[in-house]
Amino acid sequence: MTVAAPDLAPVSLSRPRLMTVADAKAMDAPGMAEAFMAHINPGQMHFMKLLGFHKVKIESAEGMYYTDQNGRKILDFFGGFGSLALGHNHPRILAARKQFQDEKRHEIAIAFMSQYAAALAKNLAEVSPGDLDMVFLGSSGSEAMEAAIKLAERAAGPKRPKVVYAENSFHGKTKGVLGITDGALYRGEFRLVGNTVRVPFGDIEAMENAFRSDPEIGSVVLETIQGGGGIIEAPDGFWPKLRALCDRYGVLWVADEVQCGYGRTGRFYAFDHYGVVPDITALAKSLGGGKTAMAAMIARRDLYMKAYGSPKTAMIHAQATFGGIGEACVTAIEALNVLYDDDLIDNAAVTGGYLIDELKRLQEKYPRLVKDVRGKGFMVGLEFHDFSQTLPAMLRPVVSVLDEKLKGSLSGFIGALLLRDHDTLVAFTEYNRNVIRLEPPLIATKAHVGDFIAALDELLGRGVTGIVKDFIKSQVS
């Protein structure tokens, strides 16, 4: 049988109808919403419309503010879930990146060593306490946490593969760390790893019971402050007790500092408040200076060498193609220097403390609306009462049966009205929907806090009836 040779003549391909960068910049809000619905996440648009976010097109951002299509400046107390420690487009970050580009320096250094990755790793070891000095560079918090739990499992050994994690934890959405992320929404119906043990957050007795009863437990993974859980801290004394417990049972402690680290709580790491050092930790979000995706796992050298220290094991979990990419590393190097040069960690402690004090003042002023204020530095949770508790006593028993369905409605109404009426952006939490999450850039001043408190005070002064009425009006206008 004879087969004809294929035609090797070049094929004329029609060019796809691609949008240009100029086209993208010129899109209006309706056009953006249409593309979002068609190609990104149509279900998410439901929530964006409820909050009024679908009407906003951000044209630029600088410092503490976004600027929208109408020239409106929006005060950012959301901070990208803690990704904007230096604010938007910090001039030193822009200058470092521009110089890197102008000099046409190398980005991908896989075959060769990268001076930028090496310098960033050295800096991270310098700012980390104890013997946390071996660094893995990646692009996201999930990637850094994946590296952390893989290292912990190898260092703990094959006879101790189990991982303890906490209720209401959030460690990422990739498949490995999803097994220690305690959220039914994110877990969906995925088939997850089975080598996990769940305990209440901050319960040292439950932790010891788990260690004592199961010798296969080799590591424990905890956020130092739970972000998605509603800005939750462990009880006083928990962390030193955990450190002692891990030492006694030979369990490795992995501290997830992706959101609470990088100076946000008034110390570089949140665990620095307690005078203890974990065996492995992870950073991301603000590590990229607000301009790039950068993440890092930092571990004790002895653990790293046990897991990957020989030529035979060195490539088991080496950096991925874009781990330690040049311009991202330069950005992170400059960001760390800005963090210390501008005393932003101290500012988080002092001005963040002022924010918390002012919120507690509003809690005293509006006790039927505000249930709790908690957090450290610029990682703050503002929790509202269930809807029934904001109503007169005679109505509470009737409405309380709807509290679960209405959970998050009051915080959502207030968040939407802060944006609409006061040009202020806030965030929310995954597991306790009654909580507004405040994670402004660490450059925030007392004047910015004052503006935010004045806006919130005006809104809460409307009372629950006025808040609900005004939100309904915003939906029909």
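Author: The answer below starts with the charged pairs and then moves on to cysteines, a pocket and a surface patch.

First, the ground rules. This is a predicted model, where local features need pLDDT of at least 70, side-chain atom pairs count only at pLDDT 80 or more, and totals for chains, interfaces and linings use all residues. Residues are numbered from 1 along each chain as its sequence is written, and side-chain values use heavy atoms, with hydrogens and water left out.

Now the pairs. Side chains of opposite charge can pair when their charged atoms come close. The cut-off for a salt bridge is a side-chain nitrogen of Lys or Arg within 4 Å of a carboxyl oxygen of Asp or Glu. The structure has 29 of these salt bridges.

Start with Arg300. Its partner is Asp279, and their closest N and O atoms are 2.4 Å apart. The pair ties together distant parts of the chain, 21 residues apart. Arg300 sits in strand S12 (residues 295–300), while Asp279 sits in the loop between strand S10 (252–256) and strand S11 (280–283). Such elements are DSSP runs numbered from the N terminus: helices (H or I) have at least four residues, strands (E) at least two. Both Arg300 and Asp279 are buried. Here buried means under 20% relative accessible area, exposed means over 50%, and partly exposed lies in between (1.4 Å probe, protein chains only). The two also belong to a network of salt bridges that links Arg243, Asp247, Asp279, Arg300 and Asp302.

Go next to Arg374. This residue is buried, at 15% relative accessible area. Arg374 forms a salt bridge with Asp372, with closest N and O atoms 2.8 Å apart. Arg374 also meets Glu383 in a salt bridge, again N to O at 2.8 Å. The partners sit at separate levels of cover. Asp372 is partly exposed, with a relative accessible area of 26%. Glu383 is buried, at 8%.

Leave the charges and look at the cysteines. A disulfide is a covalent bond between the sulfur atoms of two cysteines. The test used here is a pair of cysteine sulfur atoms within 2.5 Å. A search of the whole structure finds 0 of them. Take Cys260: its closest cysteine sulfur, in Cys246, is 16 Å away, so a bond is out of reach. Cys260 is buried, with 1% relative accessible area. Cys329 is buried too, at 0%.

Then find the second largest pocket. It holds about 700 Å³ of space. A pocket is an open set of points on a 1 Å grid over the protein atoms alone, with protein on both sides within 12 Å along at least five of seven lines; lining residues have an atom within 4 Å of a point. Points are joined across faces, edges and corners, and the volume is the space filled by probe spheres set on them. The lining has 27 residues, with Ala109, Ser114, Ala117, Val135 and Gln319 nearest the centre. Helix H6 (115–127), strand S4 (132–138) and helix H12 each give two or more residues to this lining.

The loop between it and helix H13 (326–341) holds Phe322. With Ile108 and Ile110, Phe322 makes a nonpolar surface patch of about 320 Å². Patch residues have over 30% relative accessible area and no salt bridge; like charges are joined within 9 Å, nonpolar side chains (Val, Leu, Ile, Met, Phe, Trp, Tyr) within 5 Å. The areas come from the Shrake-Rupley method with a 1.4 Å probe, and for residues only the protein chains shown count as cover.

Conventions: 1 Å grid on protein atoms, 1.4 Å probe; cavity = no way out; pocket = protein on both sides within 12 Å on 5 of 7 lines; lining within 4 Å.
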